[in-house]
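I set out to record a few local features of this structure, one entry at a time. The sequence and the model come before my notes.

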Amino acid sequence: MKKIKLFDPYIDKSERSIINRIFDTGFWASGAGTGYVRKFEKEFTRYVLAKDCVAVNSGTAALNLALSMYDIKNKEVILPSLSFVATANAVIENGGIPKFVDVDESTLCIDSDKISKEISKKSQIILPVHFAGLPSNIKEISELCNENDLHLVEDAAHAAGSVYNKKKIGNHGELVCFSFHPVKNLAMPTGGLIAINKKNHKMVSQDLKEKRWCGISNRSGVNYDVKNMGWNYYMNEFSAAIGLMQLKKLDKSNNIRKQISKKYFEQISIANKMPFDKDCSYHFYWIRVKNRDVFRKKLLRQGIETGIHYKPIHTFSFYKSKIRLPISEKVGKEIVTLPTHPNLTENDVEKIIKTVNKFT
Ligand SMILES: Cc1ncc(COP(=O)(O)O)c(C=O)c1O
């Protein structure tokens, strides 16, 4: 039986041939971010219409660096708990305090109505996650940021190509963090990026570039200075070159994801499922089922791989949180994620719909 994978990078000859070109030149990586890395940054900046973009080696690195641009020591960052743990880890890494807010049950993005209650004198940043590629309520969250003198940083790990108010995600928050992990809509062996929309974008971009390569600054030949702390977070040439090819077909591949998700929305008969929104990039499609383990095993026996995204972060022992977030907790026990990648055939999609309907 053919196995239907939950995630599967969408590649063709173009990725293979550009990789061979890198082997031919022998230039694999540089902390200075030249070559394909700079080309990728330029193209992505054009794609999301940000002021500038800085490529790094993961979405986690993007979040860590983005938050390092603010002084959040002992300050609060408001974020959803229903996310990959890297979102909250970045807050801890920078000495901040994660302030988890429950999600909206229909979108699974942070519930903007519940944010106000959590804003305090300690609040610094609101960090929404565009869950599964569905844009969070940026308009309301931006207003809250303006009213309360807070910064907006977005976790857009799932949202390459998503749109909000006719603008691509990447064009809103002061800093917007993307992941290009191989499972993501724009896949690389490993990669991430920070889109910058701040007024002082040139300075921010320079700072981020120094931080992504061990703090190295003022380079002239073999001389350089180190004025600040930095890390080894730079992107390599293979990732950037694959990213350039993936970016060319991102809208096409997201359209395929959308068509698949529309079919799920229209034909999966259970009520608890992801809404259809033409502006969503559909990194995956979620449904909610009771008796999840049995359900997932039944699907796997039919060759259909599914996932669980996510166990709420506040329930992990490292976070030792006593707060209750009823919707995130309920969803965390019921959510099942279905494949939406462009390698699915029509037969695969039909089989997934039929099998889900049979076992729910
Ligand atoms: C919502 C979210 N944020 C951040 C990340 C971290 O990205 P990366 O795996 O590229 O470090 C991920 C990756 O799965 C994610 O899903």
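The model I consulted is predicted. In a regular strand, I recall, side chains alternate between the two faces of the sheet. I counted the burial for the whole element: five of the five residues of E1 (residues 52–56) are buried, so the strand is largely enclosed by the rest of the structure.

I next asked which strand E1 is joined to. Five bridges join E1 to strand E9 (residues 192–196), and the two run antiparallel. I noted that Val54 stands opposite Ile194 in E9.

I then turned to backbone angles. Most residues other than glycine have a negative phi, and most peptide bonds are trans.

I noted a positive phi, near 65°, for Ala132, a residue other than glycine. Ala132 is in the loop between strand E4 (123–126) and helix H5 (138–148). Is Ala132 buried or exposed? I found a relative accessible area of 0% for Ala132; the cut-off for buried is under 20%, so Ala132 is buried.

I found a positive phi of about 50° for Asn165, which is not a glycine either. Asn165 is in the loop between strand E6 (163–164) and strand E7 (167–168). Asn165 is exposed, with a relative accessible area of 54%.

My last entry concerns a peptide bond. His309 and Tyr310 are joined by a cis peptide bond, with omega about 10°. I placed Tyr310 in the loop between helix H9 (292–301) and helix H10 (326–334).

Technical notes
Residues are numbered from 1 along each chain as its sequence is written. This is a predicted model: local features need pLDDT of at least 70, side-chain atom pairs count only at pLDDT 80 or more; totals for chains, interfaces and linings use all residues. Side-chain values use heavy atoms; hydrogens and water are left out. Helices (H or I, at least four residues) and strands (E, at least two) are DSSP runs, numbered from the N terminus. Buried means under 20% relative accessible area, exposed over 50%, partly exposed in between (1.4 Å probe, protein chains only). Two strands pair if DSSP finds at least two bridges between them.
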